Amino acid sequence: MEYKPVLQTLKRIGSWIVFPLLSVGDIVGRKTGRNMPRLTLAALGIYLYIYVLGSTGVFNGYVMHIINLSLIYVALAASLNLINGITGQFSLGHMGFAAVGAYVSGTFTTLLFKLNPSVPGAYLVFVGAIVAGGVAAALMGVLIGFPSLRLKGDYLAIVTLGFGEIIRTILNNISYVGGPRGLLGIPKFSNFTIIFAAAFLTILVIRNLVHSSHGRAFLAIRENELAAELAGIDTTRYKVLSFAIGAGFAGVAGGLFAHLLQMAHPTQYGFMGSVMVLIMVYAGGVGSLTGSIIAAFSLTFLSEGLRGVLDGLGELTNLPLGDLRMVIYALLLILIMLFRTEGLMGNKESKLLMLPEDKR
Amino acid sequence: MSALLSIQNMTHFFGGLKAVSEFSFDVPEGVIYGLIGPNGSGKTTTFNLITGIYNPTQGKILLDGKDITGQKPYKIVRSGIGRTFQNLRIFSSMSVLDNIRAAKQYRAKSGLLSSVMRLPGFMAEEKRIREESMNLLEVLHLADRADDAARNLPYGDLRRLEIARALATQPRLLLLDEPAAGMNPKEVQDLMKLVQRVRDEFKVTVFLIEHHMKVVMGICERVKVLDFGTTIAEGKPEDVGRDAKVLEAYLGRKGAAC
């Protein structure tokens, strides 16, 4: 692939699609005093940009796959940010919720398409399955939300960690969903469009939620639970709600993940997965959705890049360097905690994700 | 005058320690009522019992004749008791305005869906909450700091912000836990005026704990003195100030080695 034509294509698409959309959004946004048109059009612009690059082959299938993965991580990191960063409930079992979504939706579609490969409205069925996976995960979130009523900080972290492991172990032992072999033969329904839509929706819903009475209840609980209770906030309800909503979106992300890889495996949803998402939240900035987006993309790309480099080096030197990836992540987290405790963005948001009425 | 808050025979144990002992009193509607006593005499415990942070081992708490004993704190707040804390408990990384708006959350009616979709009903409600909150900040001279993060405010402003947040829940009874703690004389003067103004403008009954005698003697219309969980005196501030038992509790007995 030549370097120059690629750059030209990028430029051309940018000036034809993205910038007009952005400026239209800007004008409409300023006229109506609302942020929605601007944000939606910006998202549409970015979507079309990547879509065109993908379909013209400028981004090959591998790059598109990593972009899809990144977007799934955006949804996972943003939803964990709601629980961890915005409501302040330390959760270490986020991948457990994703696993519930993945297995519920995966089992559903696999079964259906085994019975009848030419189901009418297959795509709608798939979307329904994803939503069902999200709902199942949200119910699980309610269940795990209850310990959070009694436990704080480290203790809650241990319970949620245990929850994630329980889910993984249960899946490992149900032969109906493949047991340790994993759930195989899930139809490939996830594509860039639906993954992008899901990631966008997750960000949008959480952003709007934060800027409402409900969101202020979440934030108040994070800041000082006793004071929140004595400001008339039903802290019990809001802590469980936060877990339910966060888990629901994680379930949707898990479902999309399973239908992207065409399989679901218990090891994908283990502790390391949850830590990965947690690193994204902390690297991006606790409470900042912009940070979660940036961190999800950069860490997913870094991870894939490292995989290539380390495997290459490993082959040359004949050492198992591939395993170094997790060491590098751990180092990264330590460095963030030492030198930039507040994460990349602190709790600031990009202008695009801010609402006109809030100045921070 | 009828009693707004009525405490009947309240007793509370921490393990074997009797923190509050068969405590009974009425706070009449519309007054500024002071509760004083040496350290460890059970003042803050009394507040924690009234606001439901602890459940009394024995006894009853009535707000305007309604039994609120043993209810959850947020329910007690909703039925009309607002409070501040001795050690500030501000939502420090939220904006000043959001501190107030958080306290108005329970009155908001928009559901999750309408909030997420930002429907017209939700937008109207947000606008109303914002206006109400700004008005409140105006009264407490905090309006120009509305968009600042609360943690950037000086100490005196934070004290006022806590009072504002308590008022935002629209209480009938306002509990102030040592509002003058850590204030300089000028700030204490302002606070005294503020408490009186708040009582008149918001039509609330004020019930305060204070160590600062000037505040208690200056603004309280009734005072109750507590020592080791029991009442040792009650009445008008000037009478209480002359009471022998009170002097003993604060200054020690005559002849005792200090």
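Gly134(A) touches Gly101(A), Gly248(A), Phe249(A), Gly251(A), Val252(A) and Gly255(A), when residues up to four places away in sequence are left out. Here two residues are in contact if their C-beta atoms, placed from the backbone, lie within 7 Å. The structure is a predicted model, in which local features need pLDDT of at least 70 and side-chain atom pairs count only at pLDDT 80 or more, whereas totals for chains, interfaces and linings use all residues. Residues are numbered from 1 along each chain as its sequence is written, and chains are lettered from A and ligands numbered from 1 in the order in which they are written.

Gly134(A) lies in helix H5 (residues 122–145) of chain A. Helices (H or I, at least four residues) and strands (E, at least two) are DSSP runs, numbered from the N terminus. Gly134(A) is buried, because 26 other C-beta atoms lie within 10 Å. A residue is called buried if 20 or more other C-beta atoms, placed from the backbone, lie within 10 Å of its own, exposed if 12 or fewer do, and partly exposed in between. Between Gly134(A) and Gly254(A) there is a separation of 120 residues in sequence, and their C-alpha atoms are 8.4 Å apart in space.

Chain A as a whole has 14 helices and 2 strands. Its radius of gyration is 21 Å, close to the 21 Å given by the globule rule for 360 residues, so chain A is as compact as a globular protein of that length. This radius is taken over C-alpha atoms, and the rule is 2.2 Å times the number of residues to the power 0.38. The C-alpha trace of chain A spans about 65 × 60 × 55 Å along its principal axes. Of its 360 residues, 47% count as buried. Among contacts in chain A between residues at least 6 apart in sequence, 79% join residues at least 24 apart.

Chain B contains 10 helices and 10 strands. Its radius of gyration of 19 Å is close to the 18 Å that the globule rule gives for 258 residues, so chain B is as compact as a globular protein of that length. Its C-alpha trace spans about 70 × 40 × 35 Å along the principal axes, and 41% of its 258 residues are buried.

In chain B, 6 strands form an open sheet of mixed pairing, in the order S6-S7-S8-S3-S9-S10. Two strands pair if DSSP finds at least two bridges between them. Strand S6 (81–83) and strand S10 (230–235) of chain B are the edge strands, each pairing on one side only. Within chain B, strand S7 (residues 173–177) and strand S8 (residues 205–209) pair in the parallel sense over 5 bridges, and Leu176(B) stands opposite Leu208(B) in S8(B).

Strand S1 (residues 3–14) of chain B runs antiparallel to strand S2 (residues 17–28) of chain B, joined by 8 bridges. His12(B) has Val20(B) in S2(B) as its bridge partner. The hairpin of S1(B) and S2(B) has 2 residues between the strands, and Gly15(B) takes a positive phi near 60° there. S1(B) is also joined by 5 bridges to strand S4 (residues 58–63) of chain B, again antiparallel, with Ser6(B) opposite Leu62(B) in S4(B).

Between the chains, 28 residues of chain B are in contact with 24 residues of chain A. Helix H2 (73–78), helix H3 (96–103) and helix H4 (112–116) of chain B are the elements that give two or more residues to the side of chain B that touches chain A.
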